[in-house]
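We'll start from a single residue, work through the helices around it, and then move over to a sheet.

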Amino acid sequence: MSSRHMNRPAASVACSSKRPAALVVCSSSRRRRKIADAAAAAAAATRDSSSWASLHEDLVSLIGWRVLAGDLRDYIRFRAVCPHWRSSTTCPRGRGIVDPRFHPRRWMLFPEGHGLYPGHGKLGGYVHFFNLSTGAFVRVRLPFFRDHCVLDSVDGILLLQRDQDTAIRLLHPFTGDIAEFPPLETLLPHVDPWLRGNKWNYLRSICAACISVGADGVVKVMMSLPGNRNFIFATSGDQQWRISSWRCGPSCVPLPFQGKFYMLHHPEDNSEPEVFQVDPPPPPPQQEDMNLGTPSLPPAKFIAKCPASTEICPPLYDLVECNSEILVMTLRALSSFLGRYSEAFPTIVADTIVLFEPIKKYLAQYHLNSDTLSAASVTPGIAFPSPSTIISHIFTCCFREYWNKGQIIFHGNWKQWRVKRKWRHGLCSCT
């Protein structure tokens with residue numbers, strides 16, 4: 001009895017000790033197979049990657065430039081594939097402004113709404129950018145807005161004003177490159193007397209700005225201010241802004257495009273409108289006099305004439321940039337420059353133009369096919385889209401006085417800085 005009882009536990013112990021051993025053997029085999037499979041996969045991946053990594057550096061560079069022609073962010077991802085591709089392509093950092101190929105043209109600073117201006121404490125130093133072609137969003141940390149305000153965006157390059165001394169700076173949002181320009185206060189002696197009471201709001205209300213880069217790498221900025229028929233311009237490193245010696249027509253609104261201004265001039269005899277081009281200033285050695293008011297900026301030159309109209313009421317012409325081209329359009333012949341975003345932004349209807357309807361005062365979509373208007377809203381019964389709809393955000397980008405303050409047009413008529421008024425409402429060291 002005693003022996004039987006003693007043998008059973010022994011058998012049990014023997015059986016129980018054998019099963020884990022078998023399990024251990026099986027587990028070890030599976031582990032070895034997994035390791036072998038992983039090693040084989042890694043070897044295959046290495047062979048594949050080595051074939052890509054073995055591409056000639058000239059070919060990698062050529063592919064990189066083609067990727068860059070599409071979008072800067074894609075180019076950055078392309079360079080991150082492997083060390084060989086990175087070393088075979090040009091780094092955008094340090095060249096973000098002086099090389100126009102690296103300008104993030106389709107990227108726009110996103111207006112947050114609710115008064116969340118760039119630099120607002122609730123944003124934690126971050127701002128959003130969105131791509132007008134793809135609808136992609138990126139979040140970027142830019143600490144500059146602690147003591148800067150943004151006045152404009154030119155080819156994706158931010159035009160900033162430093163609060164304390166009104167110095168103008170160009171900032172590439174993705175590379176951090178900066179170009180320095182003179183303070184706005186150097187233009188104070190040239191502000192018309194009737195604007196002196198509101199001179200700073202006038203100087204900071206930029207109608208249009210364009211950036212060009214010379215063969216010598218010198219960056220040039222031209223700007224148009226409201227109510228001023230002269231253009232102001234400067235090059236990086238200048239001590240003061242200069243003013244063109246000639247004036248444009250009273251109804252000319254410049255369109256910036258590829259470093260130049262294009263204007264539509266309406267002759268006084270009501271003949272066909274004419275298109276003029278304003279080139280950036282030539283390099284300093286070609287300039288005879290660098291003083292203010294000298295003809296350093298080439299006069300506007302005629303390049304085209306609008307077709308004649310046989311209608312009793314001539315159409316209204318305008319200049320529009322569309323797909324890297326300048327189009328001369330009429331209200332009746334306008335093709336959709338917002339409808340092309342319909343794939344990236346589903347709330348924007350294709351073949352439509354988003355505009356403000358001045359009589360009923362609402363944001364509307366003009367449908368080209370049906371010649372009808374409807375509210376530009378995804379919510380029935382709401383005339384103005386809520387700040388969450390992409391239409392109102394894109395439309396706000398056309399109105400810098402709302403866009404740079406984190407406001408959405410038609411959602412609260414603020415248009416005034418609610419912060420840092422000491423610097424942004426006009427006070428500076430010379431006042």
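Start at S88, which touches E57, V60 and S61 once residues up to four places away in sequence are left out; contact here means heavy atoms within 4.5 Å. Before going further, note that this is a predicted model, with local features needing pLDDT of at least 70 and side-chain atom pairs counting only at pLDDT 80 or more, while totals for chains, interfaces and linings use all residues. Residues are numbered from 1 along each chain as its sequence is written, and side-chain values use heavy atoms, with hydrogens and water left out.

S88 lies in helix α4 (helices are DSSP runs of H or I with at least four residues, strands are runs of E with at least two, both numbered from the N terminus). With a relative accessible area of 10%, S88 is buried; that word means under 20% relative accessible area, against over 50% for exposed and in between for partly exposed, using a 1.4 Å probe and protein chains only.

Next, look at α3, residues 72-79, where L72, Y75, F78 and R79 are buried. These residues cover an arc of only 110° around the axis, so they sit on the same side of α3; the arc is taken from the directions from the helix axis to the C-beta atoms. What do the buried residues of α3 pack against? Their partners are α2 (57-70) and α4 (83-88).

Now for the helix pair. The axes of α2 and α3 come within 7 Å and cross at roughly 150°, and α2 and α3 are therefore roughly antiparallel to each other. V60, I63, G64, V67 and L68 of α2 make the contact with L72, D74, Y75 and F78 of α3. Axes are lines fitted to C-alpha atoms, for helices over the stretch in contact, with angles from 0 to 180 degrees between N-to-C directions. Under 35 degrees counts as roughly parallel, over 145 as roughly antiparallel, 65 to 115 as roughly perpendicular and the rest as oblique.

Over to the sheet. It is open, with four strands in the order β8-β9-β10-β11 and antiparallel pairing; two strands pair if DSSP finds at least two bridges between them. β8 (208-213) and β11 are the edges, each with a single partner strand, so one side of each has no neighbour in the sheet. Six bridges link β8 and β9, and A209 has M223 in β9 as its bridge partner. From β9 (residues 219-224), five bridges lead on to β10, where V221 stands opposite A234.

How many residues of β10 (residues 231-235) are buried? Five of its five. F231, F233 and T235 point one way, while I232 and A234 point the other. In a regular strand, side chains alternate between the two faces of the sheet.

Finally, β10 and β11 form a hairpin with six residues between them, and G237 in the turn has a positive phi of about 95°. F233 stands opposite R242 in β11. R242 counts as buried because its relative accessibility is 3%, and its side chain makes a 3.0 Å polar contact with that of D238.

Definitions and conventions
Polar contact = N/O pair within 3.5 Å; in protein donor to acceptor, adjacent residues only side chain to side chain.
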